[in-house]
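Please examine the sequence and the three-dimensional model shown below. A report on the arrangement of the chain follows.

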Amino acid sequence: LELGGIPLVVALSAVTGLPAVFVRKQPKPYGTQCQVEGRAVAGHRLVLIDDVVRTGGNLLRVARVLRLLGAQVDMAVCILARGAVGAARLAMADIELQSLLHEHQEGLLLP
């Protein structure tokens with residue numbers, strides 16, 4: 001996803017050797033004019049990466065775009081999940097959310 005997930009995706013791609021794609025909120029009116037940058041996604045299983053997930057809205061929008069382009073999207077990973085709303089909304093779209101940390105009223109918790 002734009003900004004928050006980019007450093008994470010670049011690091012994960014470098015460590016794993018797996019290719020990365022980047023999804024813009026909207027295609028830019030110049031340059032490649034593509035909403036998805038990096039490589040074709042049709043027929044590939046993709047994992048969404050973000051830094052913080054609150055409502056899951058951004059991930060849901062990105063999943064919709066990628067699915068329309070023919071990608072399989074059923075997993076998302078984030079550093080911090082703030083509450084349970086995002087995970088619940090993603091689950092309704094058949095996307096499992098995995099997070100390093102969860103924020104609850106008690107503070108930050110490991111999963």
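**Confidence**

The structure is a predicted model. The average pLDDT of the protein is 91, and 92% of the residues score at least 70.

**The largest pocket**

The largest pocket holds about 590 Å³ of space. Its lining comprises 23 residues, of which Pro 19, Ala 20, Val 21, Leu 46 and Val 47 are the closest to the centre. Two or more lining residues come from each of α1 (6-16), β1 (22-23), β3 (45-53) and α2 (57-68). Among the contributors, β3 gives the most, with five residues. By residue class, the lining of the largest pocket consists of 18 nonpolar, three polar and two charged residues.

**The nonpolar core**

In soluble globular proteins, nonpolar side chains tend to be buried together. In this model, the largest nonpolar core contains 21 residues. Within this core, the residues with the most contacts are Val 36, Val 41, Leu 48, Leu 59, Leu 66, Val 73 and Leu 97. Strand β3, helix α2 and strand β4 (72-82) are the elements that each give two or more residues to the core. The largest share is that of α2, which gives six residues.

Ser 99 belongs to strand β5, which spans residues 96-104. Is Ser 99 buried or exposed? Its relative accessibility is 10%, under the 20% limit, and Ser 99 therefore counts as buried. The side chain of Ser 99 makes a polar contact of 3.2 Å with the side chain of His 102. A polar atom of the Ser 99 side chain also lies 3.3 Å from the backbone oxygen of Leu 101.

**Residues with positive phi**

Most residues other than glycine have a negative phi, and most peptide bonds are trans. Gln 33, which is not a glycine, has a phi near 60°; Gln 33 lies in the loop between β1 and β2 (36-37). Asp 94, likewise not a glycine, has a positive phi of about 60°. The position of Asp 94 is in the loop between α3 (85-92) and β5. Because its relative accessible area is 60%, over the 50% limit, Asp 94 is classed as exposed.

**Pairs of positions along the chain**

Gly 17 is located in the loop between α1 and β1, and its relative accessible area of 62% makes Gly 17 exposed. Thr 55 is placed in the loop between β3 and α2, where, at 42% relative accessibility, Thr 55 is partly exposed. Ile 49, by contrast, is part of strand β3 and is buried, with a relative accessible area of 15%. The table lists one partner for each of these residues, with the distance between the C-alpha atoms.

| Pair | Separation along the chain | C-alpha distance |
|---|---|---|
| Gly 17 and Val 77 | 60 residues | 17 Å |
| Thr 55 and Ala 84 | 29 residues | 8.2 Å |
| Ile 49 and Ala 20 | 29 residues | 10 Å |

One partner in the table, Ala 20, is also among the residues closest to the centre of the largest pocket.

Conventions. Residues numbered from 1 in each chain as written. Predicted model: local features only at pLDDT ≥ 70, side-chain atom pairs only at ≥ 80, totals over all residues. Heavy atoms only, no water. 1 Å grid on protein atoms, 1.4 Å probe; cavity = no way out; pocket = protein on both sides within 12 Å on 5 of 7 lines; lining within 4 Å. Points joined across faces, edges and corners; volume = space filled by probe spheres on them. Helix = DSSP H or I, 4+ residues; strand = E, 2+ residues; numbered from the N terminus. Nonpolar A, V, L, I, M, F, W, Y, C, P; charged D, E, K, R; others polar. Core = buried A, V, L, I, M, F, W, Y, C linked by side-chain atoms within 4.5 Å. Buried < 20%, exposed > 50% of the residue type's maximum accessible area, 1.4 Å probe, protein only. Polar contact = N/O pair within 3.5 Å; in protein donor to acceptor, adjacent residues only side chain to side chain. pLDDT = per-residue confidence, 0-100.
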